[in-house]
Amino acid sequence: MGDTIFGKIIRREIPADIVYEDDDVLAFRDLNPQAPVHVLFVPKKPIATLDGATTADAELLGKLQLAAAAYARREGLADQGYRTVINCNEHGGQTVFHLHLHLLAGRQMHWPPG
């Protein structure tokens, strides 16, 4: 599962506020939220960055997006809207090198994001 903080959360070695789980994806609340709702969706398969994903990972990447959308609908966030973000590498803002999708909601998002 990778030796990152996310791998440790997936293995239940450290606690997290888990809000979604299926066979391929785990989601939990971000400890440093950037919006009223900030949930991280993590594939259980360790992929360091989006750039490191291959065509063999296409289905898993789709499941990641669909899990976030299903969560947003379930929590009543979809009508007003939400943002999903995948940061890639240092200049992209990635700080944990286990691919993850941020779901941000609960406030008006601005563009450009910064």
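These legends walk you through several close-up views of a predicted model.

**View 1. The largest pocket has a volume of about 660 Å³.**
Start by finding the residues closest to the pocket's centre: Asp 30, Gln 34, His 38, Leu 40 and His 102, which belong to a lining of 29 residues. Several elements give two or more residues to this lining: helix H1 (5-10), strand S2 (25-29), strand S3 (37-43), strand S4 (82-85) and strand S5 (101-105). What kinds of residue make up the lining of the largest pocket? The lining divides into 14 nonpolar, ten polar and five charged residues.

**View 2. The second largest pocket holds about 160 Å³ of space.**
Here you can look for Gly 76, Leu 77, Gln 80, Gly 81 and Tyr 82 in the lining, together with Gly 106, Arg 107, Gln 108 and Met 109. Sorted by type, the lining of this second largest pocket has three nonpolar residues, five polar ones and one charged one.

**View 3. Strand S5 is largely enclosed by the rest of the structure, because five of its five residues are buried.**
In a regular strand, side chains alternate between the two faces of the sheet.

**View 4. Phe 6 and Phe 28 form an edge-to-face aromatic pair.**
A pair of aromatic rings is described by the distance of the centres and the angle of the planes. The model has three aromatic pairs in its count. In the pair of Phe 6 and Phe 28, the centres are 5.4 Å apart, with 65° between the planes. Phe 6 lies in helix H1 and Phe 28 in strand S2, so the pair ties together parts that are 22 residues apart in sequence.

**View 5. Tyr 20, Phe 41 and Tyr 71 are linked into a cluster by ring pairs.**
Begin with Tyr 20 and Phe 41, both of which are buried. Their ring centres are 6.1 Å apart and their planes stand at 50°, so this pair counts as tilted. Because Tyr 20 lies in strand S1 (residues 18-21) and Phe 41 in strand S3, the pair ties together parts that are 21 residues apart in sequence.

**View 6. Some backbone angles here deserve a second look.**
Most residues other than glycine have a negative phi, and most peptide bonds are trans. Arg 12, in the loop between H1 and S1, has a positive phi, near 65°. Asn 89, in the loop between S4 and S5, also has a positive phi near 65°. Arg 12 counts as partly exposed because its relative accessibility is 45%, and Asn 89 counts as partly exposed at 34%. Finally, look in the segment after S5 for Pro 112. The peptide bond from Trp 111 to Pro 112 is cis, with omega near 0°.

Conventions. Residues numbered from 1 in each chain as written. Predicted model: local features only at pLDDT ≥ 70, side-chain atom pairs only at ≥ 80, totals over all residues. Heavy atoms only, no water. 1 Å grid on protein atoms, 1.4 Å probe; cavity = no way out; pocket = protein on both sides within 12 Å on 5 of 7 lines; lining within 4 Å. Points joined across faces, edges and corners; volume = space filled by probe spheres on them. Helix = DSSP H or I, 4+ residues; strand = E, 2+ residues; numbered from the N terminus. Nonpolar A, V, L, I, M, F, W, Y, C, P; charged D, E, K, R; others polar. Buried < 20%, exposed > 50% of the residue type's maximum accessible area, 1.4 Å probe, protein only. Phe/Tyr/Trp six-rings, centres within 6.5 Å; stacked < 30°, edge-to-face > 60°.
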